[in-house]
Amino acid sequence: MWDERYSAEGYLFGTEPAAFLPREAGVMPQGARVLCLADGEGRNSVWLAGRGHRVTAMEQSPVALEKARALAEARGVTVDFRQSGIEGWDWSQPFDVVVGIFIQFAPPPLRARIHQGIAQAVVPGGLVLLHGYAPRQVGYGTGGPSDPANMYWLEDLRTDFAGWEVLRAGDYDAEISEGRGHSGRSALVDFIARKPEQSA
């Protein structure tokens, strides 16, 4: 399905990062080791690499990865692109920051496992940055899956990252224009949290 979606000419979600990322990326330490989950055609990972971060981007679709590599080359940046489904990712690899932008193909049981994996991958004092749709997005029809169960509830995110310091938790509507895939009034959720430091 994803190969088919990404095979059309151009970039499905455009070549610029989700607006959430430039707005909130200042919370990241300089030169951070960043993992971008299911990063598609590379718009977010390439932007982060251009800001001096050491970025690994995981994506299942080889079609999307080919476009992502082309975008990185065009922008003159280096990203460690890896072909992998999110279910098969090795979460033992450590990162300072894990970024998930519109990774809402996952029903609740898989989403819980993804969040457990993120919690394992993020080093003590590191960050998770999640940005996606709230359930009412289904009624807007401007992007995202048709099943509201795949969307974010802030209370669930707080539960999945219990004990983390929540730096931002927002649920709001905004107009977005991100290629053919995301365009129009959208119900959005932002969640940024810091993993506790290890006990002395």
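Modeller: Buried means under 20% relative accessible area, exposed over 50%, and partly exposed in between, with a 1.4 Å probe and protein chains only. This is a predicted model, in which local features need pLDDT of at least 70 and side-chain atom pairs count only at pLDDT 80 or more, while totals for chains, interfaces and linings use all residues. Residues are numbered from 1 along each chain as its sequence is written, and side-chain values use heavy atoms, with hydrogens and water left out.

Biologist: Why is Phe 102 called buried?

Modeller: Its relative accessible area is 14%, and the label applies under 20%, so Phe 102 is buried. Tyr 133, with a relative accessible area of 1%, is buried as well.

Biologist: What makes Phe 102 and Tyr 133 a tilted aromatic pair?

Modeller: Rings of Phe, Tyr and Trp (its six-membered ring) pair if their centres lie within 6.5 Å; planes under 30 degrees apart are stacked, over 60 edge-to-face, and the rest tilted. Here the centres are 4.7 Å apart and the planes stand at 45 degrees, hence a tilted pair.

Biologist: Why is this pair said to tie parts together?

Modeller: Phe 102 sits in the loop between β4 and α5 (108-121) and Tyr 133 in strand β5, so the pair joins parts that are 31 residues apart in sequence. Helices (H or I, at least four residues) and strands (E, at least two) are DSSP runs, numbered from the N terminus.

Biologist: What makes the pair of Phe 161 and Trp 164 edge-to-face?

Modeller: The planes of Phe 161 and Trp 164 are 70 degrees apart, with 5.0 Å centre to centre; edge-to-face begins over 60.

Biologist: How do you know that the buried residues of α4 line one face?

Modeller: Ala 64, Leu 65, Lys 67, Ala 68, Leu 71 and Ala 72 are the buried ones. Seen down the axis of α4, they fall within an arc of 160 degrees, so they line one face of the helix. The arc is that of the directions from the helix axis to the C-beta atoms. On the other side, Glu 66, Glu 73 and Ala 74 are exposed.

Biologist: How does the span of α4 (residues 62-75) compare with the span expected?

Modeller: The expected span is 1.5 Å times one less than the number of residues. With 14 residues, α4 reaches 20 Å from its first C-alpha to its last, close to the 20 Å expected.
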